[in-house]
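Subject: Structure handover

Hello,

The structure is pasted below, and my notes on it follow. Please read them alongside the coordinates.

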Amino acid sequence: MDLSLSDEQKQLQESAERFSREKYTFENRRKIVATERGWLPENWAQFAELGWLGMAFSEEDGGYGGGPIETMIVMEQFGKGLVLEPFLPTVVLGGGMIARAGSADQKAALLAPMIEGKKQFAFAWLERQSRYNLADVSLKATREGNGWSLSGHKGVVYNAASADEIIVLARTAGSAREPKGLTLFVVDAKAKGLSRRDYPTQDALRASELTFDKVSVGADAVLGKVDDAFPVVEEAVDRAIVALCAEATGCMDAINAATLEYIKTRKQFGVAIGKFQVLQHRMVDCFTNAQEARSMTLMASLKIDDKDPMVRAKAASGAKVQIGKSGKFCGQSAVQMHGGMGVTDEMAVSHYFKRLTMIDLMFGNQQHHLTRYSNLAMAA
Amino acid sequence: MDLAFTPEEQKFADEVRAFVRANLPADVRDKVKNGKHLIRDDYMRWQQALGKKGWLVYTWPKKHGGPGFTPAQRYIFENICAEEYAPGIIPFGTKMVGPVIYTFGTEAQKEKYLPAIRESTVWWCQGYSEPGSGSDLASLRTKAEKDGDHYIVNGSKTWNTMGHWADWIFCLVRTDFKSKPQEGISFLLIDMKTPGITVKPIIMADGGHEVNEVFFDNVRVPVENLVGKENEGWTCAKFLLANERLGIAAVPQSKRGVEALKDIARVEQDNGRPLIENQSFAEKIADLEIQVTALEFTELRVLSQMAQGGQPGAEVSGLKIRGSEIQQRITELTMEAVGEYSAPYLPGLLWQGTNEEPVGPDYAHLAAPRYFNTRKTTIYGGSNEIQKGIISKMVLGL
């Protein structure tokens, strides 16, 4: 056993760390948030150039043969900088599902240009009633000639406004909430009948509500097997969860560092407030929480390639529970220890807090994954 | 000992409810009910209606123009106002500077300032914290130097709530730099229109503007605006903070918050069933409701002691601690109930009251901003760490 990074992985870590530090200063980030897209094409081009968009894909898929550890390394640094480029929806989710379920033609048409930085994706699965149940999908796809017609609604679709293709989870058979009967479609973002309402999110990302009104797609739009998308989606989401956990560890490191610096320098009653034991112990708990989060993220990154889907699911849910718990503790504590400054927009700490809060709500919060983990663990 | 209301108290409750229903402007009620942001005029219309009835300063004794409510009446009044979606009464005049003036002020000051507070014709704000003086309030450095019959005030105040709407500010200023920090502080009333005052907004994590920095640049304040004696302002400051901490428990608002949370959990879906039927989530709400009940009965015990002639003691700090944590927990669970639909950030709808269509249900876009904003409750009015310090020292003798 060896849990240390290879030389190549260390290089990757250094270059991702440098990117966040240089391109995502607090003031720079503010400017990026204010742009029309909410992220910078020049940064995306740099990701392509550095090989980050293809690092986790196999060489036969046009990638560079890395895996979840490479994704973990980069996502962690993205968390430190609160990076806004749509890496998760495009590469981890979109690219991940295409690599797992796509035909050779689809990989050539979608994955290759994605790795070159020329295509972006969004993943539309959530509906108003879905909460965290990936099978609670009612957007309908019905056969129409050789192809399909999609009608229904999808919500909180990250990166839909910038994506070239939307990967849509639709019901092709079965009843509500039945895992069987779901199919993935790759839909042109400019397809006729597809309308969008765009908005920023609490954590300064971009998302959209999508309405599909008889959107026609060809038979070649189906990603994977008809009626059998659920295992693909579940695996892709578990991978996205692990990537999010890595991002959250980066956020926690940054928010803890900022808080530590603050309590060392902020003086009240004639001393640095970090001299008060009540704050010392809380700060220690923040560091312990971040350590646990890092450990669970590493565990999940190592197990997410396991052949047994139960092992994968348990690893992802376990890590997500830890991140939910640790993220909330570090976020709330950082705000509290910063006092009034912690709730202002002008301090970075509130922005990390918001991101950590939203990470908990994405793809199932702490409670949801505790239930899922407990079902998996007790069944085994 | 009897928990039930007497027939007189029941009659009073009916009277309060009838009054609120007849006098709370419908548009203001709707805003409160739907979690919209209120503007100055919304508060003023309701407070002036209460002022006419003599109930705005419902905590004041009769001799200063208050209604002299019993603890039971006070409890009834606060709860019914919350149940009927009345906006919270702005405390700066009614619960803070008003009692300071009638306790420490001169007859002339009482005559000049109290009627306008009782009738809500003047909006007050607070000048306590400074950038370098938060938890350690007594270290404040905004100075007031005597120049004939005026003080010249220089310095800055921060976390000034709603000062951009205020006519007057009450300030703690340093009038003596030589003695111990607590002994050189004075309590000054300053007209916000005085030349040399600048109000600069602080934008909060939820994107809203409710607090400010206030800068004083050679601001001339007549010496008759000093309340109490020079260098004895700390007495007024402590008196005011104890009063502030009492209201901060916000029990009626939290009761309303728990009910609103249940309503949301009845609408939100979880695996095809209402979320409220999810055992884990239902137990979280139940736990919260029990916490609110414990807080409510602690507050009732404090009020009952006060009715027997006691002064609010360090128990009040305990109310602040639990009250603020409960307010936060409500927002946390509300956001959990809303789930991923908390993500859309709609500043127009949130802050300007535009007609923008919400994303998902009406309540969804409010959940996360409230959660972020409510983190302030364990910080303001003396952080919870400070409150615990007070209890360990004053109550436990540690």
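H8(A) passes H9(A) in a left-handed crossing (the near helix is turned anticlockwise from the far one by less than a right angle; clockwise would be right-handed). Helices are DSSP runs of H or I with at least four residues, strands are runs of E with at least two, and both are numbered from the N terminus.

This is a predicted model, in which local features need pLDDT of at least 70 and side-chain atom pairs count only at pLDDT 80 or more, while totals for chains, interfaces and linings use all residues. Residues are numbered from 1 along each chain as its sequence is written, with chains lettered from A and ligands numbered from 1 in the order in which they are written.

The axes of H8 (277-303) and H9 (309-338) of chain A come within 8 Å and cross at roughly 160° (axes are lines fitted to C-alpha atoms over the stretch in contact, with angles from 0 to 180 degrees between N-to-C directions). H8(A) and H9(A) are therefore roughly antiparallel (over 145 degrees).

Lys307(A) sits in the loop between these two helices. Lys307(A) counts as exposed because it has 6 C-beta neighbours inside 10 Å (12 or fewer is exposed, 20 or more buried, in between partly exposed; C-beta atoms are placed from the backbone).

As for the interface, 36 residues of chain A are in contact with 34 residues of chain B (C-beta atoms, placed from the backbone, within 7 Å). H10(A) gives the largest share of the chain A side, five residues.

Regards

Definitions and conventions
Parallel < 35°, antiparallel > 145°, perpendicular 65-115°, else oblique. Contact = placed C-beta atoms within 7 Å.
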